[in-house]
Amino acid sequence: MKTIKTAQRKLLLIYSISMIVCFTALSGRLIWLMVYKSQYYSERAAEVQERQRKIKAPRGRILDRNGKVLAGNRTVCTVSVIYNQMKDPEKVIEVLSKELELSKEEVRKKVTKKSSREKIKSNVEKEVGDKIRAYDLPGVKVDEDYKRYYPYDGLGSKVLGFTGADNQGIIGLEIQYDKYLMGTDGLILTPTDSKGIEQEGALESRVEPIAGGDLTTTLDLNIQKYAQQIADNARKAKGANYVSIIVMNPNNGEIYAMVNSPEFNLNDPYTLTDSSVKATQKNKQDLLNRMWRNPCINDTYEPGSTFKIVTATAALEENVVNVNSRFYCPGYKMVDDRRIRCHKTTGHGSETFMEGTMNSCNPVFIQVGLDVGKERFYKYFDKLGLLTKTGIDLPGEASTIIHKIENVGNVELATMSFGQSFQITPIQYLVAASAIVNGGKLVTPHLAVKAERPSGELMEAFQFEEKQGAIEKKTSDTMRDILEHVVAEGTGSKGQVEGFRVGGKTATSQKLPRGSGKYIASYMGFAPADNPQVIAMAIVDEPTGIYYGGQVAAPLIARLYENILPYLLEGEKQGE
């Protein structure tokens, strides 16, 4: 009997302890939920009792160097429906299909979908949104947000880039600096009951969107406009595939203009510019990608005779030649068993190195290239930035296509010396040319200056690398003098600008396959010749009729400089 009572006492004790433990655990859990997790569950409850609608944040503007807006925003609307709120779905279908210019089938599919909120169409013009709002249809929501807007349509399209439906950058500066330009979306919070129906008389609350930062660029709206007009006119006049023009400060890499004609309409980026092309569903994306490409940085080309400035620089640096060194041109040069012609088939006869450069004589540069040798030649490719990407702040920069040095024989070296049998990008060439004329400084070409919040608070001031000592200042001085003579008396004479000292170099590159009859005409010019403040190049791809760089491309930069040199140099004419 005693044993039974002892067992009962033990069971009672165990039961009591268990109850105390359970009560303590439950109390602790309750305290945890009510005190420490109260905010969390309050927010979750509010989510159940509130319907959220997103408000797009205005994207930061893209500005030129003088504060002119190149990319901004327009107010648009997003039209959506709430299934539980609609009282007359058929009328909703009729109104929305009419005002939004959508088929009734498409609208019906969305209107009858049992979801908390179904988007019918975004980026609706505000006037249309206001008309829909005036119908006062229960369950139809018209929310204002923002759409990217480009005030100059196609100006600088392949540089600026554009945004998608989600307001994120797709190409160009829009994607390169997306994290600065993107804002933080806001919310409209609408109280609802347990069935998701809005409570009558309840006020909506808003979490306001935060605008993205403004991006100030090095682009100059006036220079970009001049360059684009010139490129468009030249492309039409010469029936060319495209015309590219780059204008840059050779001393710091700031890009004033970058044009690739034909450009496309940034406010309608999915419409092909070539109306003669019949796009199918299969190839339309390929055609769009081609239309959006920026040949200045995304594509490589054989630079031809403009590259002779690199060969000349290497030869002067290595003391292989001086301006008075003499050569003889019979109209061709034999290299091993290969006969390589000069553009003047009758030959230039006896000429100095200075004259050979002014005449753009191939035999002279073949001999100079062979005398420099492939090891030293490649050294200057590297020193002038031609073996690496420039680091320009645009996506998709292409790389140099060049022989491995061990595969370079005399013939390859000979053709490379006058700009054939390798490929670089136009921006790479302009960086190398800048170092040759600016005293030997290798700059990083760039477009961004700073990003600022709408309040004016600085987000970031962008810095870009510069390298001193690519070549000696003495060599740079000599090259500037030689290239001024090329424009004053040589093949670049159509690059002259009255009242200003200009230096430059022309090229007429035969496209592959050789003998196809297709050419690239190009020209690089800088001014003032004795103290360069601007450098520019023009590339005309497959001009019809006359195709020589000196006659096709040089006049384009001369025309550009006639307009912008007084503007850039404050009207101070050189040489007066």
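Why is helix H12 (residues 308-317) largely enclosed by the rest of the structure? Ten of the ten residues of H12 are buried, so the helix is largely enclosed.

## Basis of the report

This is a predicted model, in which local features need pLDDT of at least 70, side-chain atom pairs count only at pLDDT 80 or more, and totals for chains, interfaces and linings use all residues. Residues are numbered from 1 along each chain as its sequence is written, and side-chain values use heavy atoms, with hydrogens and water left out.

## Helix H12

Buried means under 20% relative accessible area, exposed over 50%, and partly exposed in between (1.4 Å probe, protein chains only). Helices (H or I, at least four residues) and strands (E, at least two) are DSSP runs, numbered from the N terminus. Among the buried residues of H12 are Lys308 and Glu317. Just after H12, asparagine 319 takes a positive phi of about 55 degrees.

## Salt bridges

The structure holds 26 salt bridges, each a side-chain nitrogen of Lys or Arg within 4 Å of a carboxyl oxygen of Asp or Glu. One of them joins aspartate 477 and lysine 473 (3.1 Å, N to O). These two residues stand four apart in helix H18 (residues 473-489), so about one helical turn separates them. Aspartate 477 is partly exposed, at 30% relative accessible area, whereas lysine 473 is exposed, at 53%.

Glutamate 484 and arginine 501 also form a salt bridge (2.8 Å, N to O). Glutamate 484 belongs to H18 and arginine 501 to the loop between H18 and S19, so the pair ties together parts 17 residues apart in sequence. Glutamate 484 is buried at 17% relative accessibility, while arginine 501 is partly exposed at 32%.
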